[in-house]
Amino acid sequence: MSVTILIPTALRSFVDRNSEIEVEGATVGEALGNLATQYPDLKQQIYEDDVKLRGFVNVFVDGTNIKKLNGLDTPVASGATVMIVPAIAGGC
Amino acid sequence: MLKLTKDLASAIRAAGAAAYPNECCGILFGREENGDHVVTALKPIDNARESGEQYHRFLITAEEMMEAELEARREKFEIVGFYHSHPDHPARPSEYDRDHALPFYSYLILRVAEGKPEEMTSSRLRLNREAFDSETLEINP
C-alpha cells in the first residue's frame, strides 16, 4: 500500500529536494526502509544502524508520534501520511 | 548568509532578555535564496527543558516541530533555522549545540549578558557534522 512521507527541509537535499515522497509499505518501518533504499544518502542521516533510527529523528503517522504507537512496527493504512520530524535541542 | 529584518532581530533580542537567566528559543521561518536563508517570520517556542536546566539548555519538542512543519507547508514557506540565547556565554555554538544540530539549518545565537542582549551570530553545521561554519548575518531595515 502507498503512503506519503513528508520530508523536513534539513533532509531534502538527500532526496532530490522533494518535500514529499510516495512509497510502499505496510508498516512505518517498511515505508522508511523503502525510502532509505531509494535514497541511500538519506539512510545515513536518519538511521543509526540498519534498523534503529537516530535519536533526534521522530516519526508521526497522521499526526501521532509512533513512540505512542508501536514504533517502527506501527501499521500504516493506504493513503496515510508519515512525517519525519527532527527534535531540536542545544545550549551553552 | 542569514538575512533578517531589524524588527525580527529586535524581537529575538527582546525574547533573549525576557527569558534571562534562562535560554529562549524559537523557529526561523522563511525561504532559501541561492543558498542564503531569508527569514520572514519567527515562531517563539516555550523552552521544553526542565526548569532547572533552562539556564544552559533548550529543547523544541518533536510535537512543536511537527506543528511548525505543517504550518510552514500551509503558508508556503520553510523552516530555515532556529534561534536561541546563551545567557552569560559567548554567541558561538557549543559542543552541545553541535551534538544536537542538523546540517542545512541556520543556528542563530544571541549572547545575553547580565540580562542585556548583546552579540548575535549565525552558523551552519557541516554535512559531516564535524564543525559549525559561521555565516554572515545581514540585518536589513
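Two strands count as paired if DSSP finds at least two bridges between them. Strands (E, at least two residues) and helices (H or I, at least four) are DSSP runs, numbered from the N terminus. With these terms, Ile88(A) stands opposite Ile60(B) in β4(B).

The model is predicted: local features need pLDDT of at least 70, side-chain atom pairs count only at pLDDT 80 or more, and totals for chains, interfaces and linings use all residues. Residues are numbered from 1 along each chain as its sequence is written, while chains are lettered from A and ligands numbered from 1 in the order in which they are written.

## The sheet of chain A

Chain A holds an open sheet of five strands with mixed pairing, in the order β2-β1-β5-β3-β4. The edges are taken by β2 (20–24) and β4 (64–65) of chain A, each with a single partner strand, so one side of each is left without a neighbour in the sheet. Helix α1 (residues 28–38) of chain A packs on this sheet and touches β1, β2, β3 (57–61) and β5 (81–86) of chain A. The direction of α1(A) makes about 115 degrees with that of β2(A); such angles run from 0 to 180 degrees between N-to-C directions, with axes as lines fitted to C-alpha atoms, for helices over the stretch in contact.

Strands of a sheet pair through backbone hydrogen bonds, either parallel or antiparallel. The table lists strand pairs of both chains, including one that joins them.

| Strand pair | Sense | Bridges |
|---|---|---|
| β1(A) and β2(A) | antiparallel | five |
| β3(A) and β5(A) | antiparallel | five |
| β3(A) and β4(A) | antiparallel | two |
| β6(A) and β4(B) | antiparallel | three |
| β1(B) and β3(B) | parallel | two |

The bridge partner of Leu6(A) in β2(A) is Glu20(A). Val57(A) stands opposite Pro86(A) in β5(A), and Phe60(A) faces Asn65(A) in β4(A). Two residues separate β3(A) from β4(A) in a hairpin, and Asp62(A) in the turn has a positive phi of about 45 degrees.

A residue is buried if 20 or more other C-beta atoms lie within 10 Å of its own, exposed if 12 or fewer, and partly exposed in between, with C-beta atoms placed from the backbone. By this criterion four of the five residues of β3(A) are buried, so this strand is largely enclosed by the rest of the structure.

## The contact between the chains

Two residues are in contact if their C-beta atoms, placed from the backbone, lie within 7 Å. In this sense 17 residues of chain A are in contact with 28 residues of chain B. On the side of chain A that touches chain B, β3, β5 and β6 (88–90) of chain A each supply at least two residues. The residues of that side divide into eleven nonpolar, six polar and no charged. Here Ala, Val, Leu, Ile, Met, Phe, Trp, Tyr, Cys and Pro count as nonpolar, Asp, Glu, Lys and Arg as charged, and the others, Gly among them, as polar.

Within its own chain, α2(B) lies across β2 (25–33), β3 and β5 (78–87) of chain B, at about 140 degrees to β5(B).

## Chain B

Chain B has three helices and nine strands, which follow one another from the N terminus as β-α-β-β-β-α-β-α-β-β-β-β. Eight strands form an open sheet with mixed pairing, in the order β8-β7-β6-β5-β2-β3-β1-β9 (chain B). At its edges stand β8 (132–135) and β9 (137–140) of chain B, each with a single partner strand, so one side of each is left without a neighbour in the sheet. The twist averages 35 degrees from one strand to the next. Lys3(B) stands opposite Val38(B) in β3(B).

Along its principal axes the C-alpha trace of chain B spans about 35 × 35 × 30 Å. Of its 141 residues, 48% count as buried.

Ala131(B) lies in the loop between β7 (116–125) and β8 of chain B. Ala131(B) is exposed, with 10 other C-beta atoms within 10 Å. Ala131(B) and Pro93(B) are 38 residues apart in sequence and 9.4 Å apart in space, C-alpha to C-alpha.
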